[in-house]
Amino acid sequence: MASTRFVAETYRRGGSSRMAWNRRQRTFVFVFILWVPAFCVADSAMDDSGDVERRPIPAETIALELANPVTLLASFGIDYEYRTYQGDLPGADGLDSQRMVFSPSWPIRLRNGKNLLLSARIPINGDQPQWNPVSYLTWEEFLIRQAPAPGSDPDSRWSLDPATGAFSYGHGNLGNVSFDIGYGGISDGGTISALNLVNVAVTSDDLSARRGQWLLGPELILGKTTRWGLFGFRAKHLTNVYGEGDQELDYDTNETTLNPFVAWSLGNGWQVESSPVILYDWEAVGGNQWYVPVGAGISKTTSFGRVPVKMALELQYFAVSPDRFGQEWLLRVNLTPVLSTRQLR
């Protein structure tokens, strides 16, 4: 009952809308929504102006390129993510969250046939469940995973006691933005390979829930193109290189993720896809280290006027999730306009 009252009180303070984004965040979203199609049309017009007989690239080719992490297509991914949660903490079952993620990607073709891969990931959080160990602290998932049990740490603020805490909702904010730079490409035999450097900046507006640390780490991409599509994996490790974290707590970040991906072509721009992200938190306490989702989705790539666009829907179930509190289901809806196809021509 205490958890229920806490959530209800938070809703009253946050207003009637659980997606209570501030003016700056709404402006950010609207500017990108308006800018992306305008840029696509302008770029397509420049492509066509040099050769009036140039034929459009088949939807099947564009669909395969967009599924390839070292693609030559410049694109701007827009994801809507809806999550549900489970866990042993009081009130964990039935909580949910919403998030928008913008993912611009701009590859640059080098003279040796490889690509310089530039990309970013910009999350805009809607309602996010947070644990309140005491009234003046709020913890996101990573802190819930890492917090020691009562009596195992001399700092009482850095302990998770189900009997004294409760869940609440944190409302809209800009999350931590990641910037990736990489080098890779596809061999003549169809082997996909790339090595990236991933940077996660401290940009979150929510001071009570962000890590407060600059994260850095390598990412390896390996895969293979086939007659029916492609498959492979991305492996990444992130650790904190700057910043002591927020809320004056002594914690580190050491997370390894493995992202297997597969795209099976069905023809006419249709694909069956799967891209779960498996996570292992080296700093988490026992029973809370792993996230292992399973699932798949379907996508369709088509053109609206001169602009190729990919539309996708994917559902994942977390077969393994942290005991205390973790994700149970993830629904992702994706819209990816292609910014430029010039490097494919």
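How do the residues of the lining of the second largest pocket divide into nonpolar, polar and charged? Three are nonpolar, five polar and three charged. Here Ala, Val, Leu, Ile, Met, Phe, Trp, Tyr, Cys and Pro count as nonpolar, Asp, Glu, Lys and Arg as charged, and the others, Gly among them, as polar.

Some housekeeping. This is a predicted model, where local features need pLDDT of at least 70, side-chain atom pairs count only at pLDDT 80 or more, and totals for chains, interfaces and linings use all residues. Residues are numbered from 1 along each chain as its sequence is written, and side-chain values use heavy atoms, with hydrogens and water left out.

Back to the pocket, an open set of points on a 1 Å grid over the protein atoms alone, where a 1.4 Å probe fits, with protein on both sides within 12 Å along at least five of seven lines. Its lining, residues with an atom within 4 Å of a point, includes Glu-65, Arg-109 and Lys-114.

Next, strand 16, residues 326-340; strands are DSSP runs of E, at least two residues, numbered from the N terminus. Are they buried or exposed? Val-338 counts as buried because its relative accessibility is 2%, whereas Val-333 is partly exposed at 36%. Buried means under 20% relative accessible area, exposed over 50%, and partly exposed in between, with a 1.4 Å probe and protein chains only.

Finally, Val-338 and Ala-74 are 264 residues apart in sequence, yet 6.0 Å apart in space, C-alpha to C-alpha.

Notes:
Helix = DSSP H or I, 4+ residues; strand = E, 2+ residues; numbered from the N terminus.
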